[in-house]
Amino acid sequence: MSKKKRPTPVLPESIGALFDSHTHLASTIAKGAREGQDRRAATAELVARAGQAGVERICTVGDGLAETELALAAAQEFDNVWAACAIHPTRADELDEAAKTSLIEMAANERCVAIGETGLDAYWIKHDDTTPSLEVQEAALRWHIDLAVSARKPLMIHNREADEDLMRILADAPQPTDVILHCFSSPLDVAREAIDRGYILSFAGNATFKRNEELREAARLAPAEQILVETDAPYMTPEPFRGARNEPGFVGYTARVLAEARGQSPVEFAELAWANANRVFGLPG
């Protein structure tokens with residue numbers, strides 16, 4: 001039996017100015033750049049395509065130190081790109097003194113608008129024996145929290161199957177200006193607690209998947225000032241192109257689904273998410 005052919009991805013129609021609050025430009029390029037195309041040209045192409053779909057601003061993120069350096073480089077090269085800087089929890093053992101020194105310098109850069117993504121990932125501990133332990137991840141998370149507080153920048157959190165430990169740590173740690181729960185995928189009870197604490201829920205393409213009604217319910221529950229939309233590209237490609245390479249230009253598909261879940265028009269939700277992202281990242285509206 002032949003596999004069902006996926007539709008060819010196309011950009012959505014614009015619903016107004018959108019801010020992709022979390023993407024990985026370097027990883028997206030790595031999954032789709034043409035042979036011989038240099039990084040800057042490939043980045044420019046992604047940014048331009050995003051603009052065609054109304055995505056006027058982008059926050060790009062690294063995982064390890066190398067990709068974080070590329071994220072900040074892109075932010076310095078393109079006026080509508082900013083960076084979040086940190087080391088991903090699955091690479092927490094890379095957070096040595098040299099990495100800390102580099103991240104402190106990056107955090108002071110005006111093109112760095114958040115400290116992230118940091119957090120906890122219990123999923124990969126179960127599936128890859130090279131993933132650092134939760135104890136190592138927690139130490140790295142607490143260091144990043146202190147950096148976010150000292151730099152006066154929001155904290156961008158990655159969480160996979162570690163709700164209880166994450167909420168415990170965030171409860172007893174110093175409080176950054178804002179806490180963004182990126183690619184929010186936790187149960188409704190966690191969503192409610194996070195909302196009560198004032199955290200911001202950022203939703204990616206998995207909120208468009210048919211089986212994820214609970215995520216759409218979480219989006220409905222989020223107060224107007226506590227919601228963002230993102231791609232997490234090249235991952236989490238929204239419907240109807242799930243399985244293809246994601247890119248910042250596709251964030252409008254997720255925005256439309258979130259708008260419907262919240263009983264808003266796409267234009268109303270785009271305006272809301274745009275205002276929230278600019279406020280949280282400390283940018284003019």
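Let's start at the largest pocket, where strand β5 gives the largest share of the lining, three residues. Strands here are DSSP runs of E with at least two residues, and helices are runs of H or I with at least four, numbered from the N terminus. This is a predicted model, in which local features need pLDDT of at least 70 and side-chain atom pairs count only at pLDDT 80 or more, while totals for chains, interfaces and linings use all residues. Residues are numbered from 1 along each chain, and side-chain values use heavy atoms, without hydrogens and water.

The largest pocket holds about 680 Å³ of space. Of its 23 lining residues, Asp 121, Trp 124, His 158, Arg 160 and Met 236 are the closest to the centre. A pocket is an open set of points on a 1 Å grid where a 1.4 Å probe fits, with protein on both sides within 12 Å along at least five of seven lines; lining residues have an atom within 4 Å of a point.

| Helices | Axes come within | Crossing angle |
|---|---|---|
| α10 (residues 251–262) and α11 (residues 266–280) | 8 Å | roughly 105° |
| α4 (residues 97–107) and α6 (residues 134–151) | 10 Å | roughly 30° |

Axes are lines fitted to C-alpha atoms over the stretch in contact, with angles from 0 to 180 degrees between N-to-C directions. The angle makes α10 roughly perpendicular (65 to 115 degrees) to α11, whereas α4 and α6 are therefore roughly parallel (under 35 degrees). In the second pair, Lys 100, Leu 103, Ile 104 and Ala 107 of α4 meet Trp 143, His 144, Leu 147 and Ala 151 of α6, where contact means heavy atoms within 4.5 Å.

Terms used: Parallel < 35°, antiparallel > 145°, perpendicular 65-115°, else oblique. Points joined across faces, edges and corners; volume = space filled by probe spheres on them.
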